[in-house]
Protein chains: 2
Amino acid sequence: MPLCNFDQYPSFALVNACVVTCDGEGDSPRDRLGIIAPGVVLVQGEKVGCVGKVSDFSFDGSIQTIDVQGRLVTPGLVDPHTHLVFAGSRMDEFQAKMRGVDYRKIGQEGGGIMRTVRATRGSDEIALLKRLESRLARMLRRGVTLVEVKSGYGLNIGEEMRLLRLGKSVSEKVLDGNEVGVKQLPRTTTTLLGAHAIPQEYAGNREEYVNLVLKMVDLVSGHENGMRLAEACDVYIESHAFSVGEAKRILESAKKRGLLVRAHVGQFEDIGGAEMVAEMGGISCDHLEHVSDKALGAMAAAGTRAVLLPGAWRTLRQQAPDAQRMQRMGVEVAVGTDANPGTSPCFDLLVALGLAVRDAGLDPEAALLAITREAAEACGAQQAGRIRAGWRADLAIWDEVDPLVFGYALGGLEPRAVIIAGKWVLEHDGDWSLIFQ
Amino acid sequence: MPLCNFDQYPSFALVNACVVTCDGEGDSPRDRLGIIAPGVVLVQGEKVGCVGKVSDFSFDGSIQTIDVQGRLVTPGLVDPHTHLVFAGSRMDEFQAKMRGVDYRKIGQEGGGIMRTVRATRGSDEIALLKRLESRLARMLRRGVTLVEVKSGYGLNIGEEMRLLRLGKSVSEKVLDGNEVGVKQLPRTTTTLLGAHAIPQEYAGNREEYVNLVLKMVDLVSGHENGMRLAEACDVYIESHAFSVGEAKRILESAKKRGLLVRAHVGQFEDIGGAEMVAEMGGISCDHLEHVSDKALGAMAAAGTRAVLLPGAWRTLRQQAPDAQRMQRMGVEVAVGTDANPGTSPCFDLLVALGLAVRDAGLDPEAALLAITREAAEACGAQQAGRIRAGWRADLAIWDEVDPLVFGYALGGLEPRAVIIAGKWVLEHDGDWSLIFQ
């Protein structure tokens with residue numbers, strides 16, 4: 001039996017909550033969690049009307065109050081790094097990897113990213129959209145209300161634009177000719193990753209492909225047609241992908257055209273790139289299994305986030321990056337699923353977080369920030385990752401009372417209820433029983 | 001919109017399925033998966049009526065047929081090792097562990113298992129039952145239809161009996177004085193773990209506590225009152241817990257009284273125990289981070305399963321056991337969540353499986369067997385872990401077409417629908433979209 005019928009009560013207040021705003025000030029993670037308890041979140045239409053202590057409110061019966069009995073109320077979670085629009089699995093490659101074959105060798109032999117490119121190019125839009133929606137629905141059931149979606153399995157102009165339109169269509173109905181249903185799904189923010197791999201047809205002419213990516217940048221930034229298909233531009237910097245110089249050309253052009261910039265850096269080796277992204281004011285460097293102190297210093301100075309991707313380092317059986325080192329050097333850390341069919345078949349952001357704590361040493365106390373506030377900063381999402389008056393009311397309610405739970409749990413943590421833009425979109429039946437108390 | 005209304009159709013057939021019976025014969029994992037495709041599972045009342053190829057069936061319209069369009073139909077999953085009846089979290093201890101404090105030191109200082117014992121003893125039955133049901137409901141949402149539940153947070157006669165009654169009550173309504181709801185939850189099988197730790201009040205007199213555990217064995221086996229509260233007896237063998245000699249006394253008594261026997265062995269060091277359990281015909285040795293070849297040989301000879309518990313080795317940041325070594329030596333491998341508030345806050349068996357593949361080298365092809373057939377053997381569950389005519393119809397239907405997916409996914413894998421004892425108990429809305437195809 002749902003606690004709140006939104007149609008009946010367009011405004012409501014969650015009361016007696018442990019509100020973790022993720023909007024606090026201060027040097028310590030605890031301060032930045034911004035906990036208000038016992039607290040109130042007043043939702044008015046699509047927005048948060050106000051947030052505060054129970055003692056500062058009085059309710060006269062004109063709006064619905066919902067007693068959440070001490071439970072955690074957090075911002076809806078933010079997944080800052082996914083490759084969610086794809087067709088086909090790479091399970092057989094996974095099996096080969098588990099039997100000791102190197103990921104890059106699989107790619108050289110026609111597998112890897114290029115295999116997913118072929119499957120994705122061959123898949124029609126309705127099928128791709130259904131898959132995307134199914135993946136987003138799973139993320140929603142784990143409390144995620146905003147997902148960054150990259151292109152990168154198209155690798156030519158038409159296909160990359162198609163993937164970005166699909167990524168955008170979930171939130172914004174820009175898919176031509178197809179009515180998108182009214183399913184409640186997380187919002188998406190899209191990122192052009194035309195520079196994900198050099199497609200086979202350009203193997204002998206890298207520069208020509210980089211020029212093609214520059215053309216994609218023009219198109220997605222709305223430089224050519226007035227419609228912006230992506231908020232950000234990403235490049236995969238690695239010796240088997242794009243060089244720092246190539247990335248710089250692409251990202252400088254993107255920045256000039258008003259796109260946010262970010263990059264995959266140091267997944268297999270440190271060939272540089274993080275400093276360049278930081279100096280350009282980039283929003284994030286992602287992976288960072290291999291990164292120098294100098295690069296981390298530049299990221300700290302620029303406010304460039306580090307995005308940790310545990311699904312990838314576990315699936316590739318790599319040494320995890322050192323989150324404590326990053327935080328000591330002043331770099332803020334976010335965590336993403338990296339959801340993709342090759343290196344990270346992971347659709348549960350909370351599992352990724354539990355692994356980031358265990359493998360990379362991310363402090364459990366700071367863990368929630370890495371999938372809310374810092375994740376939103378890392379993907380340039382607006383009005384996401386914090387509970388703040390006037391911002392969109394994307395909230396999750398948990399059968400938990402201590403925010404330490406987010407780093408502590410390793411699978412099976414899920415919200416009791418999710419609210420998107422003020423609307424109650426998911427709620428589990430039954431008593432509101434606590435899991436860990 | 002549910003595909004099948006059970007009340008209307010007490011019998012139904014799943015057709016055009018990739019039926020993974022987990023009931024095949026042969027040496028290779030693939031053979032033992034027993035795949036029938038395109039296949040049919042005919043459900044009659046609470047049981048599987050028959051299983052076979054589509055070409056062997058003809059339907060005359062007298063029963064409902066449900067076209068699952070090539071999807072995987074598997075046995076409901078079996079979690080063979082949980083400590084699911086507990087109160088209180090140990091999140092602060094987790095934070096200390098992540099900052100480098102040794103788990104055994106936490107126990108010596110009054111934390112660890114004894115802290116959960118205090119919280120559990122202080123919690124009333126209704127609160128404990130609600131927590132247990134909430135945890136089981138999460139497991140069901142991940143496809144689990146049978147869960148082994150251990151006692152072990154009571155550590156005196158009255159409390160251990162209370163925890164076992166609670167564990168049983170979910171399936172069998174033996175909880176005195178409280179009507180248990182009609183919620184659809186996984187079945188449980190219960191295990192006495194009175195020998196989980198030496199409680200403080202017996203610190204100076206271990207033998208007296210072992211004698212008390214022998215008394216518990218009498219009680220749960222129905223030796224005293226005719227009612228059997230557990231199917232199995234478990235002992236935690238470790239230098240800071242029970243010695244091999246103490247375990248032997250307890251398990252021999254349990255075996256004599258008709259209980260199945262198993263043990264926690266080699267989590268921190270190899271002090272022996274696996275050979276003793278194997279020689280007694282034990283159903284499983286669990287953990288096995290440290291185990292000798294000789295012990296594995298004895299387990300193989302006796303058919304004693306190894307139960308891997310990835311939630312614990314990741315949370316304790318230990319080296320994983322070597323599943324390939326076990327399988328080479330002829331030991332069948334199962335995987336469990338080890339769900340508990342101290343060393344494994346994990347309620348997602350599929351996440352545990354994904355980690356067992358990545359960390360312990362469990363072959364992806366064999367992975368599903370470890371959470372179905374082998375898991376059922378490891379906890380002594382009847383009519384579970386296989387799809388077989390005449391057995392209870394506990395089934396899961398997945399938006400997937402290749403059984404490799406179970407080891408491949410690392411978070412976010414969940415069934416499209418779950419059937420317990422022939423009854424459709426969970427189904428996600430929306431199109432039946434595939435996630436990885």
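Helices (H or I, at least four residues) and strands (E, at least two) are DSSP runs, numbered from the N terminus. That is how I name elements in these notes.

**Ground rules.** I am working on a predicted model, where local features need pLDDT of at least 70, side-chain atom pairs count only at pLDDT 80 or more, and totals for chains, interfaces and linings use all residues. Residues are numbered from 1 along each chain as its sequence is written, chains are lettered from A and ligands numbered from 1 in the order in which they are written, and side-chain values use heavy atoms, with hydrogens and water left out.

**Entry 1: cis peptides.** I looked up strand 2 (residues 35-44) of chain A, because A:Pro38 is found there by the DSSP runs. A cis peptide bond joins A:Ala37 to A:Pro38, with omega about -10°. B:Pro38 sits in strand 2 (residues 35-44) of chain B. I flagged these because most peptide bonds are trans.

**Entry 2: positive phi in chain B.** Most residues other than glycine have a negative phi. I noted B:Arg317, which is not a glycine but has a positive phi near 55°. B:Arg317 is in the loop between helix 11 (310-315) and helix 12 of chain B.

I located B:Asp338 in the loop between strand 13 (333-335) and helix 13 (349-360) of chain B. At 2% relative accessibility, B:Asp338 counts as buried.

**Entry 3: A:Asp338.** I then turned to chain A, where A:Asp338 is in the loop between strand 13 (333-335) and helix 13 (349-360). A:Asp338 is buried, at 1% relative accessible area. What does A:Asp338 touch? Leaving out residues up to four places away in sequence, I get A:His81, A:Thr82, A:His83, A:His287, A:Leu309, A:Ala312, A:Thr343 and A:Ser344 (contact means heavy atoms within 4.5 Å). I also checked A:Pro199: 139 residues separate A:Asp338 from A:Pro199 along the chain, and their C-alpha atoms are separated by 21 Å.

Entry 4: A:Tyr103 lies in helix 3 (residues 103-108) of chain A and is buried, with a relative accessible area of 9%. Beyond four places in sequence, I find A:Tyr103 touching A:Arg90, A:Lys97, A:Ile113, A:Phe268, A:Leu316 and A:Thr343.

A:Gln318 is in the loop between helix 11 (310-315) and helix 12 (323-328) of chain A. I have A:Gln318 down as buried, at 16% relative accessible area. With residues up to four places away not counted, A:Gln318 touches A:Gln267, A:Phe268, A:Glu289 and A:Trp313.

**Entry 5: helices 7 and 8 of chain A.** How do the axes of helix 7 (residues 206-220) and helix 8 (residues 244-256) of chain A cross? They come within 9 Å and cross at roughly 15° (axes are lines fitted to C-alpha atoms, for helices over the stretch in contact, and angles run from 0 to 180 degrees between N-to-C directions). That makes helix 7 of chain A roughly parallel to helix 8 of chain A (under 35 degrees counts as roughly parallel, over 145 as roughly antiparallel, 65 to 115 as roughly perpendicular and the rest as oblique).

I listed A:Arg206, A:Glu207, A:Val210, A:Asn211, A:Val213, A:Leu214 and A:Val217 of helix 7 meeting A:Glu246, A:Arg249, A:Ile250, A:Ser253 and A:Ala254 of helix 8 in chain A.

**Entry 6: helix 10 of chain B.** I looked up the buried residues of helix 10 (residues 293-302) of chain B: B:Ala295, B:Leu296, B:Ala298 and B:Met299. They are on the same side of the helix because they cover an arc of only 160° around the axis (the arc is that of the directions from the helix axis to the C-beta atoms). The face turned away from that buried side carries the exposed B:Lys294 and B:Ala301. Covering the buried residues, I found elements of chain B including helix 9 (274-279), strand 11 (284-287), strand 12 (305-308) and helix 12 (323-328). After helix 10 of chain B comes B:Gly303, with a positive phi near 75°.

Terms used: Buried means under 20% relative accessible area, exposed over 50%, partly exposed in between (1.4 Å probe, protein chains only).
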